[in-house]
Amino acid sequence: MSERTAVIASRVGLHARPAGIFVAAVSALELEVTISLQGEPADDAMDASSILSIMSLGASNGDTVVLRAEGDGADEALASLVTILETDLDAD
């Protein structure tokens with residue numbers, strides 16, 4: 001299983017627009033990706049392709065999240081998702 005951490009860069013955290021962009025990217029993958037706040041047990045990780053899960057995660061600007069995926073291309077997929085999370089998607 002591949003695992004990466006990311007620090008949430010969007011000013012509003014993973015809410016509304018940033019969450020939608022992230023979920024769309026996860027949904028385009030052929031992998032199951034989970035997300036959790038750093039320090040939470042892996043068993044409590046949520047489905048990263050679910051907007052409801054992402055919104056209920058409550059990740060704010062500066063929080064560290066853990067992404068996990070398993071399968072072919074998992075490392076590359078997680079790297080691309082980290083890039084999304086570490087970009088301020090609210091900046092214009």
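**Note on the predicted model: salt bridges, sheet and cavity**

1. The structure holds 2 salt bridges, a salt bridge being a side-chain nitrogen of Lys or Arg within 4 Å of a carboxyl oxygen of Asp or Glu. This is a predicted model, in which local features need pLDDT of at least 70 and side-chain atom pairs count only at pLDDT 80 or more, whereas totals for chains, interfaces and linings use all residues. Residues are numbered from 1 along each chain as its sequence is written, and side-chain values use heavy atoms, with hydrogens and water left out.

2. R68 is buried, with a relative accessible area of 10%, while E3 is partly exposed, with a relative accessible area of 47%. Here buried means under 20% relative accessible area, exposed over 50%, and partly exposed in between, with a 1.4 Å probe and protein chains only.

3. The other salt bridge is formed by D88 with R11, whose closest N and O atoms are 3.1 Å apart. This pair links distant parts of the chain, with D88 in the segment after α3 (74-85) and R11 in the loop between β1 and α1 (16-27), 77 residues apart. D88 is partly exposed, with a relative accessible area of 25%, and R11 is exposed, with a relative accessible area of 54%.

4. On the overall architecture, the secondary structure of the chain comes to 3 helices and 4 strands, and from the N terminus on the elements run β-α-β-β-α-β-α. The 4 strands form an open sheet in the order β1-β4-β2-β3, with antiparallel pairing. The edge strands are β1 and β3 (46-47), each of which pairs on one side only.

5. Strand β2 is mostly covered, since 4 of its 5 residues are buried.

6. A search of the whole structure finds 1 cavity of 30 Å³ or more, and the largest cavity has a volume of about 50 Å³. On a 1 Å grid over the protein atoms alone, a cavity is a set of points where a 1.4 Å probe fits but cannot get out, and lining residues have an atom within 4 Å of a point. Grid points are joined across faces, edges and corners, and a volume is the space filled by probe spheres set on the points.

7. The residues that line the largest cavity are I8, S10, G13, L14, P18, F22, I84, L85, T87 and L89, and α1 and α3 each supply at least two residues of this lining. By class, the lining has 7 nonpolar, 3 polar and no charged residues, where Ala, Val, Leu, Ile, Met, Phe, Trp, Tyr, Cys and Pro count as nonpolar, Asp, Glu, Lys and Arg as charged, and the others, Gly among them, as polar.

8. Two individual residues may be worth a look. A16, found in helix α1, has a positive phi of about 50° although it is not a glycine, and at 55% relative accessibility A16 counts as exposed. L52 lies in helix α2 (residues 51-57) and is exposed, with a relative accessible area of 67%; L52 and I21 are 31 residues apart in sequence and 13 Å apart in space, C-alpha to C-alpha.

9. As to overall dimensions, a compact globule with 92 residues would have a radius of gyration near 12 Å, and the chain has 12 Å, which agrees; the radius is taken over C-alpha atoms, and the globule rule is 2.2 Å times the number of residues to the power 0.38. Along its principal axes the C-alpha trace spans about 35 × 25 × 20 Å, and of the 92 residues of the chain, 38% count as buried.

Technical notes: 1 Å grid on protein atoms, 1.4 Å probe; cavity = no way out; pocket = protein on both sides within 12 Å on 5 of 7 lines; lining within 4 Å. Pairing = 2+ DSSP bridges.
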